[in-house]
Amino acid sequence: MNIIDALGYRKSVRAFLKKEVETDQITRILNAARHAPSGTNAQPWDVAIVRGKTRIKLTTALIEAFNDNGLGEMDYKYYPVKWKEPFKKRRVTCGAQLYSALKINRKDKEKRLEQWLANYKGFDAPVLLFFFLDSIMEKGSFLDYGMFIQSVMLAALEEGLATCAQAALGQNPELIKTTLGYGTDTTLICGMALGYEDTSAPQNNYRTPRETVEGFTKFFE
Ligand SMILES: Cc1cc2nc3c(=O)[nH]c(=O)nc-3n(C[C@H](O)[C@H](O)[C@H](O)COP(=O)(O)O)c2cc1C
């Protein structure tokens with residue numbers, strides 16, 4: 001797949017087949033993504049690959065934590081405290097598209113909660129990735145990490161695999177760090193679901209809109 005096609009083809013996938021991903025595939029993905037650029041070539045990425053029993057243990061604990069304490073807090077603020085336009089509208093559309101695909105009524109709290117909880121299970125993907133950063137690193141490393149994460153998502157396509165980056169998987173950083181043996185001197189950036197797309201799932205069968213280039217670009221001569 002050429003690069004332009006891959007950029008347009010990638011999408012977030014929220015339902016996966018029960019088909020295992022080979023260790024070699026994961027290694028090839030990370031082997032490609034490690035070429036991502038980073039300021040001073042610091043390469044700040046530290047990736048935990050979670051599968052098998054550890055995945056079940058961790059996702060079960062995340063759901064229990066949500067049931068006991070509600071939404072947890074990420075190590076950093078990913079979203080604004082107070083939304084404004086045009087971001088607010090795009091955010092609403094994002095949720096509306098998902099619920100509409102799943103035929104979940106806006107007022108059906110139970111079904112919405114069920115769908116939200118699917119996040120903590122990594123949408124039942126066979127592999128979950130967790131992206132950690134040394135806490136001494138600054139905002140610049142978040143830029144580097146974004147490039148790395150997109151590289152992982154594109155390289156996954158080459159392996160016939162699908163992904164969903166998940167801020168929701170970063171909402172209980174202490175629990176995740178304790179389970180995986182990471183120290184408090186690390187920042188959990190986010191998680192990612194990785195596996196084979198269930199192409200029959202309605203939540204995988206829509207595309208999110210994008211602004212036109214004219215909408216976000218100014219040319220200066
Ligand atoms: C860092 C990051 C975190 C995200 N977190 C979540 C999440 O927790 N749950 C979810 O369902 N989607 C999550 N998404 C997916 C976005 O909703 C999605 O990228 C956006 O709606 C655009 O759709 P597309 O990825 O299909 O192009 C996240 C995406 C990024 C880049």
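Strand 2 and strand 4 run antiparallel and are joined by 8 bridges. Strands here are DSSP runs of E of at least two residues, and helices are DSSP runs of H or I of at least four residues, both numbered from the N terminus. The model is predicted: local features need pLDDT of at least 70, side-chain atom pairs count only at pLDDT 80 or more, and totals for chains, interfaces and linings use all residues. Residue numbers start from 1 along each chain as its sequence is written.

Together, 4 strands form an open sheet with antiparallel pairing, in the order 1-2-4-3. Two strands count as paired if DSSP finds at least two bridges between them. Strand 1 (46–50) and strand 3 each have a single partner strand and stand at the edges, so one side of each is left without a neighbour in the sheet. From one strand to the next, the twist averages 25°.

Helix 7 (residues 173–180) lies across strand 1, strand 2 (127–134) and strand 4, running at about 80° to strand 4. Such angles run from 0 to 180 degrees between N-to-C directions, with axes as lines fitted to C-alpha atoms, for helices over the stretch in contact; contact means C-beta atoms, placed from the backbone, within 7 Å.

Strand 3 (residues 162–166) gives the most to the shell around the ligand, with 3 residues. Among the residues around the ligand are K11, R14, N119, C164, A165 and Q166; a residue is near a molecule if its C-beta atom, placed from the backbone, lies within 6 Å of it. By class, the shell has 6 nonpolar, 4 polar and 2 charged residues.

Helix 5 (residues 109–120) has 12 residues, which at 1.5 Å a residue should span 16 Å; its end C-alpha atoms are 17 Å apart, which agrees. The expected span is 1.5 Å times one less than the number of residues. G122 follows helix 5 and has a positive phi, near 55°.

Methods
Ala, Val, Leu, Ile, Met, Phe, Trp, Tyr, Cys and Pro count as nonpolar, Asp, Glu, Lys and Arg as charged, and the others, Gly among them, as polar. Two residues are in contact if their C-beta atoms, placed from the backbone, lie within 7 Å.
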